[in-house]
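The sequence and the structure are shown first.

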Amino acid sequence: MSKVRDYFYKGLLNVKSDIILNGPPLADRHIGNLNISFGDVDATELLLALQPNVCASTGSACSSGAIEDSHVLTSLGLSSERCGSALRFSFSHLNTTEEVDIALEYIRKSLFK
């Protein structure tokens, strides 16, 4: 799983050079998780553009009808802007690099349309 996750991360860097890995470095994080901030991109808009082809989460939670920054990301010291551009991707042992390539192409098209 970590090989597929790392392959995805490296592919994202080729798609958009100003992405930021949120949380610990790849070697120290859960193998099934990747949380990325996409710079000046609104994560909710990107997530909607990726549907239904790529599954991800904004990392924000609804509370009393208001969208709030992820408490996990804010506890890491991330700014509201960085939280607002963050998407969380999850991986399993069933994911392949071929699926990652397809997801990367959808992300590329969504970012640069």
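## Basis of the assignment

Helices, of at least four residues, and strands, of at least two, are DSSP runs numbered from the N terminus. Under this definition, Leu-48 is placed in helix H2. The model discussed here is predicted.

## Overall organisation

The protein has five helices and five strands. Read from the N terminus, these elements follow the order α-β-β-α-β-β-α-α-β-α. Of the 113 residues in the protein, 37% are buried.

## Helix H1

Helix H1 comprises 14 residues, 2-15. The buried residues in H1 are Val-4, Arg-5, Phe-8, Tyr-9, Gly-11, Leu-12 and Val-15. Because they fall within an arc of 165° when H1 is viewed down its axis, these buried residues line one face of the helix.

On the face of H1 turned away from the buried side are the exposed residues Lys-3, Lys-10 and Asn-14. The cover over the buried residues of H1 includes strands S1 (20-22), S2 (33-37) and S5 (86-90), together with helix H5 (97-111).

Lys-16 belongs to the loop between H1 and S1. Is this lysine, Lys-16, buried or exposed? Its relative accessibility is 11%, and Lys-16 therefore counts as buried, the cut-off being under 20%. The side chain of Lys-16 makes a polar contact of 2.8 Å with the side chain of Asp-18.

Apart from neighbours within four places in sequence, Lys-16 is in contact with Phe-38, Asp-40, Val-41 and Leu-111. Lys-16 and Leu-111 are 95 residues apart in sequence, yet their C-alpha atoms are 8.5 Å apart in space.

## The three-stranded sheet

Three strands form an open sheet in the order S1-S2-S5, with antiparallel pairing. S1 and S5 stand at the edges and have a single partner strand each, so one side of each lacks a neighbour in the sheet. On average, and with direction ignored, neighbouring strands of this sheet are turned by 35° against each other. The antiparallel strands S2 and S5 are joined by five bridges.

Asn-35 is located in strand S2, and its bridge partner in S5 is Arg-88. Because its relative accessibility is 8%, Asn-35 counts as buried. Beyond its neighbours within four places in sequence, Asn-35 is in contact with Ile-20, Leu-21, Asn-22, Arg-29, Leu-73, Ala-86, Leu-87 and Arg-88.

## Helix H2

At the start of H2, a side-chain oxygen of Asp-42 reaches to within 3.0 Å of the backbone nitrogen of Thr-44. Helix H2 covers residues 43-50, of which Ala-43, Leu-46, Leu-47 and Leu-50 are buried. These buried residues fall within an arc of 100° seen down the axis of H2, so they line one face of the helix.

The face of H2 turned away from its buried side carries the exposed residues Glu-45 and Leu-48. Why does Leu-48 count as exposed? The reason is its relative accessibility of 62%, which lies over the 50% cut-off. Leu-48 and Ser-110 are 62 residues apart along the chain, and their C-alpha atoms are separated by 9.4 Å.

The loop between H2 and strand S3 (61-63) contains Pro-52. The peptide bond from Gln-51 to Pro-52 is cis, with omega near 0°. In general, most peptide bonds are trans.

Terms used
Residues numbered from 1 in each chain as written. Predicted model: local features only at pLDDT ≥ 70, side-chain atom pairs only at ≥ 80, totals over all residues. Heavy atoms only, no water. Expected span 1.5 Å × (residues − 1). Buried < 20%, exposed > 50% of the residue type's maximum accessible area, 1.4 Å probe, protein only. Arc of directions from axis to C-beta. Contact = heavy atoms within 4.5 Å. Pairing = 2+ DSSP bridges. Axes fitted to C-alpha atoms, helices over the stretch in contact; angles between N-to-C directions. Polar contact = N/O pair within 3.5 Å; in protein donor to acceptor, adjacent residues only side chain to side chain.
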